[in-house]
Amino acid sequence: MAVMAALAVVSCNSWSPVQETDASKYELKGDVLSLRSIPYTVDSAAEGFKAGEIDPMANNVYIEFNSDGNATLLRRFNRHGDMVSEQRSLYNSKGQLLETETVSSSEELLEKAVYEYKNGRIYSMRATDGMDSLKKYEVYKYYGTDSIRVDYSFKEGKPAGYRIMTYDDRGYNTGNIMYSVTGRKLSEFKMRYDSQCRRDSVYSDNMLFGKMESRMEYDDNGFCSAMTISGRANTVSIHFELTLDSHGNWIERLTYQDGSAVPTKIERREIRYAD
């Protein structure tokens with residue numbers, strides 16, 4: 001999330017990818033100050049079903065946003081509701097991500113990432129662990145008006161590979177291909193967008209999971225209402241039922257799979273607004 005937020009800076013003298021705020025990634029509208037999102041498993045009940053325990057495999061978070069809709073604080077929680085990590089992010093006056101620090105529940109530094117910009121666009125990202133040892137270093141190179149090459153390494157002075165990111169004429173990311181340092185393709189992603197610039201198709205091909213394609217549908221409120229995931233073995237159909245608050249944001253989402261009458265997951269959100 002942090003890297004994509006940094007890439008999303010718009011410059012007046014050179015092209016940059018379209019900005020996608022952290023709030024928009026969580027399907028949030030309006031002037032949102034914070035979000036608490038808790039995912040639950042589903043248990044049987046006399047009335048059909050009810051929320052069970054917290055789902056340990058899903059996103060259990062608390063997030064605070066600045067006026068631009070980008071996250072300044074991200075806390076992650078375990079299945080017992082205990083905080084396991086906290087990420088703090090700093091931005092400059094242009095809204096560009098400058099630094100993130102991730103600490104444990106005991107305030108031990110786990111990771112720090114620093115971003116450098118040239119000509120209004122991200123130039124490099126350097127991530128280190130709590131002992132200041134390099135975890136990842138990336139350098140961005142821009143080509144024409146539609147592509148970026150990102151060279152990365154995990155050890156000082158030892159290139160590990162690179163990725164190529166392509167964009168359409170609106171500035172939306174349409175492809176990411178990851179290569180090893182020898183040029184062997186490791187993974188590939190292709191994205192398509194509808195007329196309202198919403199991502200409606202994602203194709204992926206990687207060494208672990210093979211080829212997979214996800215297709216999304218949206219309701220009249222602009223929320224993702226259904227998804228079809230096709231892989232090597234089978235196809236899964238998912239649809240969502242949403243409950244909205246007075247601001248038009250969803251505060252409960254039920255996930256149904258393959259036409260089942262009982263959801264597979266329940267997500268509940270508490271949203272705090274500026275107004």
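## Salt bridges

The side chains of glutamate 252 and arginine 268 meet in a salt bridge, 2.9 Å from N to O; the term requires a side-chain nitrogen of Lys or Arg within 4 Å of a carboxyl oxygen of Asp or Glu. Glutamate 252 belongs to strand β18 and arginine 268 to strand β19 (residues 265–273), so this pair ties together parts that are 16 residues apart in sequence. Strands here are DSSP runs of E with at least two residues, helices are runs of H or I with at least four, and both are numbered from the N terminus. Arginine 268 is partly exposed at 37% relative accessible area. Buried means under 20%, exposed over 50%, and partly exposed in between, with a 1.4 Å probe and protein chains only.

This is a predicted model, in which local features need pLDDT of at least 70 and side-chain atom pairs count only at pLDDT 80 or more, while totals for chains, interfaces and linings use all residues. Residues are numbered from 1 along each chain as its sequence is written, and side-chain values use heavy atoms, with hydrogens and water left out.

The whole structure holds 21 salt bridges. One of them joins arginine 253 to glutamate 27, with the closest N and O atoms 3.8 Å apart. Arginine 253 is in strand β18 and glutamate 27 in the loop between α2 (22–25) and β1 (32–45), so the pair ties together parts that are 226 residues apart in sequence. Both residues are buried. Arg75, Glu86, Arg88 and Glu107 form a network of salt bridges.

Strands β16 (residues 224–230) and β17 (residues 235–244) pair in the antiparallel sense over five bridges; pairing requires at least two bridges found by DSSP. Four residues separate the two strands in their hairpin. Isoleucine 229 has valine 236 in β17 as its bridge partner.

β17 also pairs with β18 (residues 250–257), again antiparallel, over seven bridges. Phenylalanine 240 stands opposite threonine 255 in β18. The hairpin of β17 and β18 has five residues between the strands, and glycine 248 there takes a positive phi near 90°.

## Serine 201

Serine 201 is found in strand β14 (residues 199–206) and is buried, with a relative accessible area of 3%. Its side chain makes a polar contact of 3.3 Å with that of glutamate 213. A polar contact is a pair of N or O atoms within 3.5 Å; within protein, one must be able to donate a hydrogen and the other to accept it, and residues adjacent in sequence count only if both atoms are side-chain atoms.
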